[in-house]
Amino acid sequence: MNVMNYRNYCARIEYSDEDQLLIGHVAGIHDVIGFHGESISELRRAFEEAVDDYLETCERLGRAPQKAYSGKLSLRLEPTLHASVAAKAELAQKSINQWVSDTLYQAACR
């Protein structure tokens with residue numbers, strides 16, 4: 001899966017062979033924001049326009065736009081996994097929080 005980011009919103013990108021279009025949907029919120037384009041640059045413009053339009057529409061309606069999560073995540077790990085994560089973080093000279101954040105970013109956003 002490919003991801004685009006704009007103004008703290010993430011979109012998942014897919015290809016429709018039937019329509020021969022790149023199709024995107026904003027992820028992490030309940031409101032539906034979709035867009036499409038024939039090229040990456042066209043898709044990027046459509047994504048940015050869709051997010052800007054969403055934010056403007058919310059403002060016109062006097063409604064707060066949905067945000068994608070707070071940034072806080074609580075995990076429960078098996079003790080052996082916790083120990084392994086702590087060791088990896090120490091070897092990387094990072095806090096556990098920073099190491100987990102970096103590792104998840106690499107897995108989710110690349």
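Arg 44 is partly exposed at 28% relative accessibility, where partly exposed lies between buried, under 20% relative accessible area, and exposed, over 50% (1.4 Å probe, protein chains only). Colleagues, this is a predicted model, in which local features need pLDDT of at least 70 and side-chain atom pairs pLDDT 80 or more, while totals for chains, interfaces and linings use all residues. Residues are numbered from 1 along each chain as its sequence is written, and side-chain values use heavy atoms, without hydrogens and water.

Arg 44 forms a salt bridge with Glu 48, with the closest N and O atoms 3.7 Å apart; the term denotes a side-chain nitrogen of Lys or Arg within 4 Å of a carboxyl oxygen of Asp or Glu. These two residues are four apart in helix α1, so about one helical turn separates them; helices are DSSP runs (H or I, at least four residues). Glu 48 is also partly exposed, at 26%.

The structure holds five salt bridges. Another of them joins Asp 102 to Lys 94, with 2.5 Å between the closest N and O atoms. Asp 102 has a relative accessible area of 25%, and Lys 94 one of 34%.

I turn now to the surface. Leu 73, in the loop between α1 (40–61) and α2, is exposed at 64% relative accessibility. Together with Leu 75, Leu 77, Leu 81 and Leu 104, Leu 73 makes a nonpolar surface patch of about 480 Å²; such patches join nonpolar side chains (Val, Leu, Ile, Met, Phe, Trp, Tyr) within 5 Å, from residues with over 30% relative accessible area and no salt bridge. The areas come from the Shrake-Rupley method with a 1.4 Å probe.

Terms used:
Patch = residues over 30% accessible without salt bridge, like charges linked within 9 Å, V, L, I, M, F, W, Y side chains within 5 Å.
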